[in-house]
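Hi everyone, thanks for coming. Let me put the structure up on the screen, and then we can walk through a few places in it together.

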Amino acid sequence: MKDYTVEVTENKKIADGLYELTFASTDCGFEGLHCGKFLHMEVPGKLLRRPFCLYKFSETSISVAYAVVGDGTRNMTFLKRGDRLKVTLPLGNGWNLEEKHKKIVLLGGGVGCAPLAYVPVSYPNRKYYAYLGFADKSKVAFEHEFALRSEKVVCTTDNGSYGVKGFPTQALEKDLKEINPDAILVCGPRPMLKAAARFSLEHNIPAYASTEERMGCGVGACLVCACAVKQKDSGTVMKRACADGPVFGLEELIL
């Protein structure tokens, strides 16, 4: 974990209410980056920094995807090339695939697709199957990024205005036996996590979820992002999504 001063190189709209912000370090190259980890970034006009997942990254450049949901993210849409910000990174534990995981399902909803996009970059020479869900055609994003490195990409929309009508979990359920994946990685709303947990249990497929808990400090001190996790003795413990996660084994989470 290190504090960097970064300079904006691009800030573009990629879908309705969704943007991609790219920046480079002004000091030195970035270290320790890995798919699923996140950063804590200074936001114009706000005292507290905000957490954003690593969407695309290299040693010299990082892109984050952000949805406009409040004043802070709305202020971010006005950032322009040359603007400077403070960011702390990398934070969290990220996705960790084992050697036995050869066929992987990437299951994402909305901006929750972003943390999954660079899994194939970090773990090449495996087969990936992406199922991405959006509210409607205007919200669809990330499809091209996943198509570059996946055997199959299925986009769904709630109203059928693009791709398959319905939810990505429904599309995945139809294909699950055919794919017979070794692991499911999921990030999205709670109903999606619950459906993935059911798939995992019914088909004995390990599943891992990146949680979307609200965060304050981003380093484990404030406990704002605490989530309930099962213990082996059937008990429950509260863990911090920022310091202990954000990725957990799905069977651990109490949803």
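Before going on, some housekeeping. This is a predicted model, where local features need pLDDT of at least 70, side-chain atom pairs count only at pLDDT 80 or more, and totals for chains, interfaces and linings use all residues. Residues are numbered from 1 along each chain as its sequence is written, and side-chain values use heavy atoms, with hydrogens and water left out. Helices (H or I, at least four residues) and strands (E, at least two) are DSSP runs, numbered from the N terminus.

Let's stay with helix H4, residues 168-179. Its buried residues are Pro168, Thr169, Ala171, Leu172, Asp175, Leu176 and Ile179; buried means under 20% relative accessible area and exposed over 50%, with partly exposed in between, using a 1.4 Å probe and protein chains only. Seen down the axis of H4, they fall within an arc of 150°, so they line one face of the helix. That arc is taken over the directions from the helix axis to the C-beta atoms. On the other side of H4, Lys174 and Lys177 are exposed. The cover over the buried residues includes S8, S9, S10 and helix H5 (190-203).

Now pick out threonine 156, in strand S10 (residues 152-157). Threonine 156 is buried, with a relative accessible area of 0%. Beyond four places in sequence, its contacts (heavy atoms within 4.5 Å) include Phe134, Tyr162, Pro168 and Ala171. Its side chain also reaches the backbone oxygen of glycine 166 at 3.4 Å.

Last stop: an open sheet of seven strands, ordered S4-S3-S7-S1-S2-S6-S5 with antiparallel pairing. Two strands pair if DSSP finds at least two bridges between them. The edge strands, S4 (50-53) and S5 (56-57), each pair on one side only. Four bridges join S3 (residues 38-41) to S4, and phenylalanine 38 has cysteine 53 in S4 as its bridge partner.

Conventions:
Polar contact = N/O pair within 3.5 Å; in protein donor to acceptor, adjacent residues only side chain to side chain.
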